[in-house]
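Try each task yourself before reading its solution.

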Amino acid sequence: MPELPEVEVTRLSFAERIADARILAVRMGKPLRWPLGAEPTALLGLTVMAVRRRGKYLLVDLSKGWLLLIHLGMSGSLSFAVELPPAGVHDHFELFTTHGTLRLHDPRRFGAVVLTEGESSDMAEKLLGRLGVEPLGDGFGIGEFHAGLKRRNVSVKQVLLAGDVVVGVGNIYASEALFLAGIRPTTKASRISLARAAKLRAAIRDVLARAVTRGGSTLRDFSSADGQTGYFQLDAMVYGRAGEPCRQCFNPIRQLRQGQRSTFYCGVCQT
DNA sequence: AAAAGCCCCTGGATGC
DNA sequence: TGCATCCAGGGGCTTT
């Protein structure tokens, strides 16, 4: 589910409401991808200062220098409300605060909640340290992006997914951005010209920003922390459209596998 | 060092 | 209806 747009939409949907809340209690369900990394009781009494995002991670800044990292994995979503329905079997983390309850719902449990002593802790460094540049920020320069592609000997789509050149682009938006840029997903990253890299950079920024505006993509069950579903899937040019006509040239959209992930593209519009 | 595969887990869709 | 198989928005770890 959650690529950069879904994570950002989630952040926007509760960051202000949870600010200044004091943590009253914590409940943990089944194990997630990683252990919490500290005693849950360390959370009690702390105040939520802010909620930031880095790539597909949410960074919840807490008082006393603590940092709560939340990753939604493939099937995770957050809810935040004064009153939530009774917790179900797939609700694996709950933070009860003076402003409401923050709950992580994650059937597949590829998600994670990690409590660390700040962004420079070993754990935070391990999880965030190798992340590439933020695509919607000022640091996403054409020259650096082109150089990042240049030095990779795999397909451009796999470089986008890897997240060490640019973060936040997952399987949906990689296919979409490559379509918008007119680039075949199988093209070797090292063979992308500066002009095409510039086009791809613009396409990534465009598609991610528009997806945020549309509330993200709800393929199955994504919703933001206030329960809103996303609508970007309705705007998708290629993702999930194998066999359907290209919205630009009407030739059938093709599907292939790259690194155990499905890729969708138009064989005519993308070269 | 970089790339390719494997694996974590649950549930829905599809096929026999 | 029942059961097997495949697939899914991610990404760290191990093996080549």
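## Exercise 1: One leucine

In this predicted model, leucine 78 is buried, with a relative accessible area of 1%.

**Task.** Find out which strand holds leucine 78, and which residues leucine 78 touches.

**Solution.** 
- Step 1: Check the burial. The cut-off for buried is under 20% relative accessible area, and leucine 78 has 1%, so leucine 78 counts as buried.
- Step 2: Locate the residue. Leucine 78 sits in strand 5.
- Step 3: List its neighbours, leaving out residues up to four places away in sequence. Leucine 78 touches Thr10, Phe14, Leu58, Ile70, Leu72, Leu102, Arg103, Leu104, Ser223, Ser224 and Ala225.
- Step 4: Look along the chain. Threonine 218 is 140 residues apart from leucine 78, and their C-alpha atoms are separated by 14 Å.

## Exercise 2: The nonpolar cores

**Task.** Which residues touch the most other members of the largest nonpolar core, and which element gives the largest share of this core?

**Solution.** 
- Step 1: In soluble globular proteins, nonpolar side chains tend to be buried together.
- Step 2: The largest nonpolar core has 28 residues, of which Phe14, Leu62, Leu68, Ile70 and Leu78 touch the most other members.
- Step 3: See where the core residues come from. Among the elements that each supply at least two are helix 1 (4–18), strand 5 (77–81) and strand 8 (112–116). The largest share, 4 residues, is from helix 1.
- Step 4: Look for another core. A second, separate one has 27 residues, including Leu160, Tyr173, Ala177 and Ala211.

## Exercise 3: A covered helix

**Solution.** 
- Step 1: Look past the end. Glycine 182 follows helix 5 and has a positive phi, near 70°.

## Exercise 4: Two crossing helices

**Task.** At roughly what angle do the axes of helix 3 and helix 6 cross?

**Solution.** 
- Step 1: Read the geometry. The axes of helix 3 (residues 142–150) and helix 6 (residues 194–213) come within 9 Å and cross at roughly 110°.
- Step 2: Name the arrangement. That angle makes helix 3 roughly perpendicular to helix 6.
- Step 3: Sort by class. This contact has 8 nonpolar, 1 polar and 1 charged residues.

Technical notes: Residues are numbered from 1 along each chain as its sequence is written. Chains are lettered from A and ligands numbered from 1 in the order in which they are written. This is a predicted model: local features need pLDDT of at least 70, side-chain atom pairs count only at pLDDT 80 or more; totals for chains, interfaces and linings use all residues. Side-chain values use heavy atoms; hydrogens and water are left out. Axes are lines fitted to C-alpha atoms, for helices over the stretch in contact, and angles run from 0 to 180 degrees between N-to-C directions. Angles under 35 degrees count as roughly parallel, over 145 as roughly antiparallel, 65 to 115 as roughly perpendicular and the rest as oblique. Ala, Val, Leu, Ile, Met, Phe, Trp, Tyr, Cys and Pro count as nonpolar, Asp, Glu, Lys and Arg as charged, and the others, Gly among them, as polar. A nonpolar core is a set of buried Ala, Val, Leu, Ile, Met, Phe, Trp, Tyr and Cys residues joined through side-chain atoms within 4.5 Å. Buried means under 20% relative accessible area, exposed over 50%, partly exposed in between (1.4 Å probe, protein chains only). Contact means heavy atoms within 4.5 Å.
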